[in-house]
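Hi,

Here's the structure I promised to pass on.

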Amino acid sequence: MNNFTNILREHNLKATPQRLAMLEFISIYGHINVDRLYENIKNRFSSISLATIYKNINSMIDNKLLFEVKLPNKKSVYEITKNKHSHLLCENCGDIIDIEVNIDDKIQEIIKNNNFNIKQSDLVFSGICKDCKK
């Protein structure tokens, strides 16, 4: 099991019970939107506000502990930061799957051809997963 206390401290964040619970649920779900996270946290900390959830998410993003995955036509989901990867999004069940896609050569080509400094690139493929195709 991940030691979320140490992970928070490594990212210069205080290990509060609310942050520990947030990381626990994000770890369990893999990718989770704010509404689902709030529902889960609210069961454990009844007085917590949605604003507190957003504040903590933003703080964890700023400290590179969480990563926001922007999904087409859906609310963003959040995941614990890991190696660079892309995502498959099932349009039917909403499942999100991490995949490895090497687009480094294409990014370098775009930078060179357009004289454009790319800071971040997110790639999400939408479709139907194998379970929903059955």
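Below is what I found, going from the whole chain down to single residues.

Before you start, bear in mind that this is a predicted model: local features need pLDDT of at least 70 and side-chain atom pairs count only at pLDDT 80 or more, while totals for chains, interfaces and linings use all residues. Residues are numbered from 1 along each chain as its sequence is written, and side-chain values use heavy atoms, with hydrogens and water left out.

**The whole chain**

The protein chain has 6 helices and 6 strands. (Helices are DSSP runs of H or I with at least four residues, strands are runs of E with at least two, and both are numbered from the N terminus.) Along the sequence they come in the pattern α-α-β-α-α-β-β-β-β-α-β-α. The C-alpha atoms fill a box of roughly 50 × 40 × 30 Å, taken along the principal axes. Of the 134 residues, 30% are buried. Buried means under 20% relative accessible area, exposed means over 50%, and partly exposed is in between, using a 1.4 Å probe and protein chains only. Take the contacts (heavy atoms within 4.5 Å) between residues at least 6 apart in sequence: 46% of them join residues at least 24 apart.

**Helix α2 and its partners**

How do α2 and α3 cross? The axes of α2 (residues 17-29) and α3 (residues 34-44) come within 10 Å and cross at roughly 130 degrees. So α2 is oblique to α3. Axes here are lines fitted to C-alpha atoms, for helices over the stretch in contact, and angles run from 0 to 180 degrees between N-to-C directions. Under 35 degrees counts as roughly parallel, over 145 as roughly antiparallel, 65 to 115 as roughly perpendicular, and the rest as oblique. Residues of α2 in this contact include Met22, Phe25 and Tyr29, and those of α3 include Leu37 and Ile41. The residues of the contact divide into 7 nonpolar, 2 polar and 3 charged. (Ala, Val, Leu, Ile, Met, Phe, Trp, Tyr, Cys and Pro count as nonpolar, Asp, Glu, Lys and Arg as charged, and the others, Gly among them, as polar.)

α2 also packs against α4 (residues 50-62), at about 75 degrees with the axes 11 Å apart. That makes α2 roughly perpendicular to α4. From α2, Arg19, Met22 and Leu23 take part, and among the α4 residues they meet are Ile53 and Met60.

**Two buried strand residues**

His87 sits in strand β4 (residues 86-90). Is His87 buried or exposed? His87 counts as buried because its relative accessible area is 3%. Its side chain makes a polar contact with the side chain of Asp98, at 3.2 Å. (A polar contact is a pair of N or O atoms within 3.5 Å; within protein, one must be able to donate a hydrogen and the other to accept it, and residues adjacent in sequence count only if both atoms are side-chain atoms.)

Val77 belongs to strand β3 (residues 77-80) and is buried too, at 7% relative accessibility. Leaving aside neighbours within four places in sequence, the contacts of Val77 include His31, Phe67 and Ile96.

**Two loop residues**

Asn73 is in the loop between β2 (66-69) and β3. Phi of Asn73 is near 60 degrees, a positive value in a residue other than glycine, and Asn73 is exposed at 83% relative accessibility. Asn115, in the loop between α5 (104-114) and β6 (124-127), has a positive phi as well, near 50 degrees. Asn115 is exposed at 74% relative accessibility.

Cheers
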